[in-house]
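Reader: I would like to go through this model with you. I will ask what stands behind each label.

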Amino acid sequence: MSQIAMREQRWSRLILLLVIFCIIPLFPGYSALGESETAPQAVTAPQEQKPLVVFYSRTGKTKIVANALAQHLSCDSKEIKSTEHRDGVLGAITCVLDQLLDRDDTHLPYNKDLSANNPVIIATPIWLGKLSSPIRTFIKQVGLKDKEVYLFLTFNGRLTEEKEKLLLEDLAAQGITPKSVYKIITKEKTEDDLVKELTRQLEENPVRTAISGAM
């Protein structure tokens, strides 16, 4: 074979190889020069939403209700602690003035992230037909309009329908519509009495959670 023919043959082979390298990547499933295909992205599971009990208690009776509620739901609880003096007669006067003047409370910073909590269950005493000042301030500060909210109201006397309506209208103005409202009279009630009354109401109207559907 002449040298010219040999050179032509080498050029033909080179051109053929170039064509092959250009065509192969066009075929489906081709992975170029050992490169691995991109691994599928892992699907992140949605964050589990857990119920949380938030409460304020001046005399300790609402705390009894809140602790029993958290135990019943097998969830955490968070106490709002006011820095105002609210004990005794002078403390009661402070509470009354807060309600009459619609004053916000000053309490220890609320440092809990609520993003993983739903529903939020609020237990609070009622003062002059309104939510206690510490709880009203808590609601203003954290914002609960994207949460399911349950209200557990404790009081010595009675809560009129008109007062309850105004209370709910005030919450609605903040984008909160409670799923249920539970009312527990605490006057002359022992701890056992309060727990029994709470249990009775929960049996009639369970707090529904994302974990269990109903507790």
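Reader: Why is tyrosine 56 called buried?

Author: Its relative accessible area is 5%. Buried means under 20%, exposed over 50%, and partly exposed in between, with a 1.4 Å probe and protein chains only. The 5% of tyrosine 56 is under that limit, so the residue is buried. This is a predicted model, in which local features need pLDDT of at least 70 and side-chain atom pairs count only at pLDDT 80 or more, while totals for chains, interfaces and linings use all residues. Residues are numbered from 1 along each chain as its sequence is written, and side-chain values use heavy atoms, with hydrogens and water left out.

Reader: How many aromatic pairs does the structure hold?

Author: There are two aromatic pairs. Rings of Phe, Tyr and Trp (its six-membered ring) pair if their centres lie within 6.5 Å. Planes under 30 degrees apart count as stacked, over 60 as edge-to-face and the rest as tilted.

Reader: What makes the pair of tyrosine 56 and tryptophan 127 edge-to-face?

Author: Their centres are 5.9 Å apart, with 90° between the planes. That angle is over 60, so the pair is edge-to-face. Tyrosine 56 sits in the loop between β1 (50–55) and α2 (61–73), and tryptophan 127 in strand β3, 71 residues apart. Helices (H or I, at least four residues) and strands (E, at least two) are DSSP runs, numbered from the N terminus. Tryptophan 127 is buried too, at 11%.

Reader: Why is the pair of phenylalanine 152 and tyrosine 182 called stacked?

Author: The ring centres are 4.1 Å apart and the planes are at 0°, so this pair is stacked. Phenylalanine 152 belongs to strand β5 and tyrosine 182 to strand β6 (residues 180–185). Phenylalanine 152 is buried at 1% relative accessibility. Tyrosine 182 is buried at 2%.
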